[in-house]
Amino acid sequence: MLGLSIACAAAAVAWAYLVAAHGGFWRTSQWLPPVTGEPRAWPDVLAVVPARNEAAMLPATLPALLGQDYPGPLTVLVVDDGSTDGTAEVAAQIARAVPALSRRTDRTLRVVPGVAAPAGERWAGKVWAMAQGLRAAEAQGPPAPPAMAAGRSGSAGYVLFTDADIAWQAPDTLRRLVAAAEGDDRDLVSQMALLRAASGWERVVVPAFVYFFAQLYPFRRVNVPGSGTAAAAGGCMLIRRETLDKAGGVAQIRGALIDDVAMGRLIKGQRGRTWLGLSRQVVSVRPYPGLASLWQMVARSAYTQLRYSPALLAGTLLGLLFLYALPPAGTIAGLAVLLAGPGAGSGRLALLTSGAGLAGWALMSASFVPMLRLYRLSPLRAPGLPLIALLYAAMTADSARRHYAGLGAPWRGRTTDTR
């Protein structure tokens, strides 16, 4: 009981540090400010939408993107990444309806047929689609400079990388993104999309997914210029083209399965100013109806996040057990001893164990409440976070198993060999 008491006390201290000093990761406080001033001239925006087997998603997302009331020119390129479900045809139908959707003469939607990556070059599928979008945009203008071979943008303005399942709920969202980038001189402005949380398993897994992401990359630290914490959210990344070119283009992250974090590191590595926050206007409409699809979403990249390191895997699993499983286990074990009527010495240890465990559990639960509120879920779900953490530990272990079994990272009908 003494060892368990010490461990529970250490976990409580760790949670006290996380809540008080770990970048306020649990606070849902990073939001785009209201637009108070606008640029004299609105820069052009090129939106690149990688799409693989997204025929069901595009009718729900592209019209809202094209209908943004952004005052400047907006070009949308849908890169058909080898789809087999008619994605290109659906996008082409939407392209023909652009005048009715936007009522603007400076709105364009083009479909770019994807091709295979050059032989001998290891490109992650989505990053290769992003590069093809940039190249296709340049092909419409003057002859492409050598930089385009690396997937660079080659012109002024901004590039918006957004996913095919992202719905732009408010018509002023793009205007606010560009105004924030221009007004605060940010090279990368990214918003974490509000993920779908309609099914039972989505309500369990999705808020914790964002919570754990913020714990790894506290948004407030990401937003401090010069800090060592860098990240972005792939569903909505607005990047200054000049900065992207200076960083070497998307070719610098060509093999990144977690492209958004890699992009954040790339831009911040060039001393670029970045911003990452939350949103209710940028929403993912992709459904995850069962545990299997959510498991796939997490497991496909969990071991990649750990850089395929067995040591980091072991440390992560032990850390999850220490931080999340130990406090409730200590609380229950201490209470069980107390209820069994122990002697005076063991009673004090049991009281210390249950008290320390309960303190850690309470801090953990309190830190999860803001994320539950963001997703409009009951705070009564918060004490169940240890069970969700154990589920994530299993997903992470399975991600490593798939890697060593040569199963790769399957997504949208394609499997990437992670070895």
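View 1. D185 is partly exposed, with a relative accessible area of 47%. That value lies between the 20% limit for buried and the 50% limit for exposed. The model shown here and in the other views is predicted. D185 sits in the loop that joins α6 (173–183) to β6 (188–194). Its phi is near 55°, a positive value in a residue other than glycine. Most residues other than glycine have a negative phi.

**View 2. Helix α6, mostly covered.** Nine of the 11 residues of α6 are buried. They are T173, L174, R175, R176, L177, V178, A179, A180 and A181. After α6 comes D185, with its positive phi near 55°.

View 3. R307 is not a glycine, yet its phi is positive, at about 60°. The residue lies in the loop between α11 (291–305) and α12. R307 is exposed, with a relative accessible area of 61%. The cut-off for exposed is over 50%, so R307 falls in that class.

**View 4. Helices α12 and α14 side by side.** Helix α12 spans residues 310–339 and helix α14 spans residues 385–404. They pack at an angle of about 165°, with their axes 9 Å apart. Angles over 145 degrees count as roughly antiparallel, and α12 and α14 are therefore roughly antiparallel to each other. Their crossing is left-handed. On α12, the contact is made by P310, L313, L317, L320, L321, Y324, A325 and P328. On α14, it is made by L385, P386, A389, L390, A393, T396, A397, A400 and Y404. By class, this contact has 16 nonpolar residues, one polar residue and no charged residues.

**View 5. Helices α11 and α14 at an oblique crossing.** The axes of α11 and α14 come within 8 Å and cross at roughly 60°. The two helices are therefore oblique to each other. The crossing of α11 past α14 is right-handed. From α11, the contact takes in L291, W295, Q296, V298, A299, S301, A302 and Y303. From α14, it takes in L391, Y392, A394, M395, T396, D398, S399, A400, R402, H403 and Y404. By class, there are 12 nonpolar, five polar and two charged residues in the contact of α11 with α14.

**View 6. The largest nonpolar core and F368.** The largest nonpolar core has 48 residues. Y211, Y324, F368 and Y375 have the most contacts inside it. Helix α7 (residues 200–216) gives the most to this core, with eight residues. F368 is in contact with P207, A208, Y211, A382, L385 and I388, leaving aside neighbours within four places in sequence. A second, separate core has 37 residues, including A51, V90, L174 and A180.

**View 7. W201 in helix α7.** W201 is found in helix α7. This tryptophan is partly exposed, with a relative accessible area of 38%. Leaving aside neighbours within four places in sequence, W201 is in contact with G290, L291, L294 and L391. W201 and R300 are 99 residues apart along the chain. Their C-alpha atoms are separated by 18 Å.

Key. Residues numbered from 1 in each chain as written. Predicted model: local features only at pLDDT ≥ 70, side-chain atom pairs only at ≥ 80, totals over all residues. Heavy atoms only, no water. Axes fitted to C-alpha atoms, helices over the stretch in contact; angles between N-to-C directions. Helix = DSSP H or I, 4+ residues; strand = E, 2+ residues; numbered from the N terminus. Parallel < 35°, antiparallel > 145°, perpendicular 65-115°, else oblique. Left-handed = near helix turned anticlockwise from the far one by under 90°. Contact = heavy atoms within 4.5 Å. Nonpolar A, V, L, I, M, F, W, Y, C, P; charged D, E, K, R; others polar. Core = buried A, V, L, I, M, F, W, Y, C linked by side-chain atoms within 4.5 Å. Buried < 20%, exposed > 50% of the residue type's maximum accessible area, 1.4 Å probe, protein only.
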